[in-house]
Amino acid sequence: DTMRRVVRQSKFRHVFGQAVKNDQCYDDIRVSRVTWDSSFCAVNPRFVAIIVDASGGGAFLVLPLHKTGRIDKSYPTVCGHTGPVLDIDWCPHNDQVIASGSEDCTVMVWQIPENGLTLSLTEPVVVLEGHSKRVGIVAWHPTARNVLLSAGCDNAIIIWNVGTGEALINLDDMHVDMIYNVSWNRNGSLICTASKDKKVRVIDPRKQEIVAEKDKAHEGARPMRAIFLADGNIFTTGFSRMSERQLALWNPKSMEEPIALHEMDTSNGVLLPFYDPDTNIIYLCGKGDSSIRYFEITDESPYVHYLNTFSSKEPQRGMGFMPKRGLDVNKCEIARFFKLHERKCEPIIMTVPRKSDLFQDDLYPDTAGPEAALEAEEWFEGKNADPLLISLKHGYIPGKNRDLKVVKKNILDNKPAANKKSDLINAPKKAADASNPQNEAKLDEILKELKCIKETISSQEERIARLEQQMAKIAD
């Protein structure tokens, strides 16, 4: 019996990783050189977004997935921040909405046009101001619409209602040192954080209290990461006192001892964990490594089972991880990574080899779909809901996304918040009426600018004509 148990049965033992061919990469991209341990890349079934080097401000590229090949230097960017962008995150309930956090202390939320950018985007839908230092982490709530979390180097975590542009929860006294990462649990009722003080904390954000914490989860001084798993346990990566990389599994109900703790190697890149709740596989991508290791989490010892390693020649600067609904189920693809090099982004496809062409329902249980289970107001009032699941049997066809509308509350009206649907429907109209003089002023401004541009063009045309005449004379 013991002999039989040596090789564990798992359908993921033979997961096979492969980089796509060169013409399916995104080339000639100046990936950001900021020293910050975020993944620099975010992907969804429509777009790949990559933080890039920008002179004098902060910018990121948003490319439709099919726009592979060489990316022109003049390709439009999202460039409204005045300092480098440190983190980006696509909204799970709207594939055209993305949030960005920056060194300029703000969080911005952007609406990307359906077919991608044709002009650079400088106007966010909303600017969220509340941090006093740079914002290094942004993370959307997994199940409630328009709820966004941000964490800054002011050691504060703010949870925003993006639909009204307000900060509704401010956790500014729980962390005494830098926050390395924040992760929501599956239904978004709790968050866990890893911090420079070597603590892992489990926090109930609405009660604003620490539910559990573990001091020295990893004893080394280098950055840690902590993420929630689907069953409520917490997975961490960090360093031992001897600077070996470690991974560990914890039960938040008793954090004294880890369920499992493994030492890996002595490389010094921070291990970024990417987790797939449907298959319970964790992929670890070290910054500066040239490999992706993957592990299956089960409820039998040793709990964290090493599966395999995907290796390549080039080190990775960052990594994007496609949500399940963006994968090709006909090819038994169970994960897709977008690996950032210095000058390009290379998709890596993970598949489970199968002989049959039929839909493999054991690989694709129902997965989180794009519909929000709750509205922001319901969540802030205390409701919880699991993600609304969809079947991938016939593949995922992206639907039409509604535009993100932000209705700023009027601070002068001290009426109780409108909870009735009818009030909410009428609110945008009132806002539009109120801003008529503003609209007129804006129109004037635009007309002036147009006039200015026209004048510039005509003067340049004259100049070109003159130069052409001179050229002709020289040629003659």
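I began with strands, which are DSSP runs (E, at least two residues) numbered from the N terminus, and I took two strands to pair if DSSP finds at least two bridges between them. On that basis E3 and E4 run antiparallel and are joined by three bridges. Cys41 has Ile50, in E4, as its bridge partner.

I noted that this is a predicted model, in which local features need pLDDT of at least 70 and side-chain atom pairs count only at pLDDT 80 or more, while totals for chains, interfaces and linings use all residues. Residues are numbered from 1 along each chain as its sequence is written, and side-chain values use heavy atoms, with hydrogens and water left out.

**The sheet.** I followed the open sheet of four strands, which has the order E3-E4-E5-E7 with antiparallel pairing. Its edge strands, each pairing on one side only, are E3 and E7 (78-81).

**The cores.** I next looked up the nonpolar cores (sets of buried Ala, Val, Leu, Ile, Met, Phe, Trp, Tyr and Cys residues joined through side-chain atoms within 4.5 Å), where buried means under 20% relative accessible area, exposed over 50% and partly exposed in between, with a 1.4 Å probe and protein chains only. The largest core has 40 residues, of which Ile29, Val48, Ile50, Phe60, Ile112 and Phe338 touch the most other members. Among the strands that each supply at least two residues of this core are E3 (41-43), E4 (47-52) and E5 (58-64). E4 gives the largest share, six residues. A second, separate core of 25 residues includes Leu272, Tyr294, Ile348 and Tyr364.

**Aromatic pairs.** I counted rings of Phe, Tyr and Trp (its six-membered ring) as paired if their centres lie within 6.5 Å, with planes under 30 degrees apart stacked, over 60 edge-to-face and the rest tilted. The structure holds 13 such pairs. Phe295 and Tyr306 are edge-to-face, at 5.6 Å centre to centre and 65 degrees between the planes. Phe295 lies in strand E26 and Tyr306 in strand E27, so their pair ties together parts that are 11 residues apart in sequence. Phe295 is buried at 6% relative accessible area, whereas Tyr306 is partly exposed at 48%. I also found that ring pairs link Phe274, Tyr283, Tyr294, Phe321 and Phe337 into a cluster.

**Thr164.** Thr164 counts as buried because its relative accessibility is 9%. Its side chain makes a polar contact with the side chain of Glu166 at 2.8 Å, a polar contact being a pair of N or O atoms within 3.5 Å, of which, within protein, one must be able to donate a hydrogen and the other to accept it, and residues adjacent in sequence count only if both atoms are side-chain atoms.
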